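I opened this model to look up its pockets and its aromatic pairs. My notes follow.

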Amino acid sequence: MTFQQLDLVPVLFCDQVDNLPDVLELASQITCPVLYIRGDKEPKELYPAEEFAERCGGSVDVVVAPDCDHFYNGVERHVSGVIAEWLQGIVKAR
């Protein structure tokens, strides 16, 4: 990555933040099964899993991963196991 590209990163991030859809507002339109994983070190205000689950039009499984940041550092195996188990359950239900 060049220095010129690095200068664009803050601009692109700000553009993304300004243009992100409101997932809570749109939750009622989502009818497929959802797995919402949040690390316990992530702020609930930014990752409102429980409120999303209440508003969602479909089933939602909320998992709060213990000792976990936004990037799942150190708990990758646990999180991938949660995802694999959830997917197996969805496939069996179909």
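**Notebook: an aromatic pair and a pocket**

I checked burial first: Tyr 36 is buried, and Phe 52 is buried too. I keep in mind that this is a predicted model.

Next I looked for aromatic pairs. My search of the whole structure turned up one. Its partners are Tyr 36 and Phe 52, and the pair is tilted. I noted 5.6 Å centre to centre and 55 degrees between the planes. Tyr 36 belongs to strand 1 (residues 34-39) and Phe 52 to helix 3 (residues 49-55), so the pair ties together parts that are 16 residues apart in sequence.

Then I stayed with Phe 52. Its relative accessible area is 6%. That falls under 20%, so I log Phe 52 as buried. What does Phe 52 touch, leaving aside neighbours within four places in sequence? I listed contacts with Val 23, Leu 24, Ala 27, Ile 30, Val 34, Tyr 36 and Val 60. I also took a C-alpha distance: Phe 52 and Leu 26 are separated by 9.2 Å. Those two residues sit 26 apart along the chain.

Last, I turned to pockets. The largest pocket has a volume of about 290 Å³. Which residues line the largest pocket? I wrote down Leu 20, Pro 21, Asp 22, Val 23, Leu 24, Tyr 36, Glu 45, Leu 46, Tyr 47, Pro 48 and Phe 52. Both members of the aromatic pair, Tyr 36 and Phe 52, are in that lining. I sorted the lining by class: nine residues are nonpolar, two are charged and none is polar.

How values were computed:
Residues are numbered from 1 along each chain as its sequence is written. This is a predicted model: local features need pLDDT of at least 70, side-chain atom pairs count only at pLDDT 80 or more; totals for chains, interfaces and linings use all residues. Side-chain values use heavy atoms; hydrogens and water are left out. On a 1 Å grid over the protein atoms alone, a cavity is a set of points where a 1.4 Å probe fits but cannot get out, and a pocket is an open set with protein on both sides within 12 Å along at least five of seven lines; lining residues have an atom within 4 Å of a point. Grid points are joined across faces, edges and corners, and a volume is the space filled by probe spheres set on the points. Ala, Val, Leu, Ile, Met, Phe, Trp, Tyr, Cys and Pro count as nonpolar, Asp, Glu, Lys and Arg as charged, and the others, Gly among them, as polar. Rings of Phe, Tyr and Trp (its six-membered ring) pair if their centres lie within 6.5 Å; planes under 30 degrees apart count as stacked, over 60 as edge-to-face and the rest as tilted. Helices (H or I, at least four residues) and strands (E, at least two) are DSSP runs, numbered from the N terminus. Buried means under 20% relative accessible area, exposed over 50%, partly exposed in between (1.4 Å probe, protein chains only). Contact means heavy atoms within 4.5 Å.
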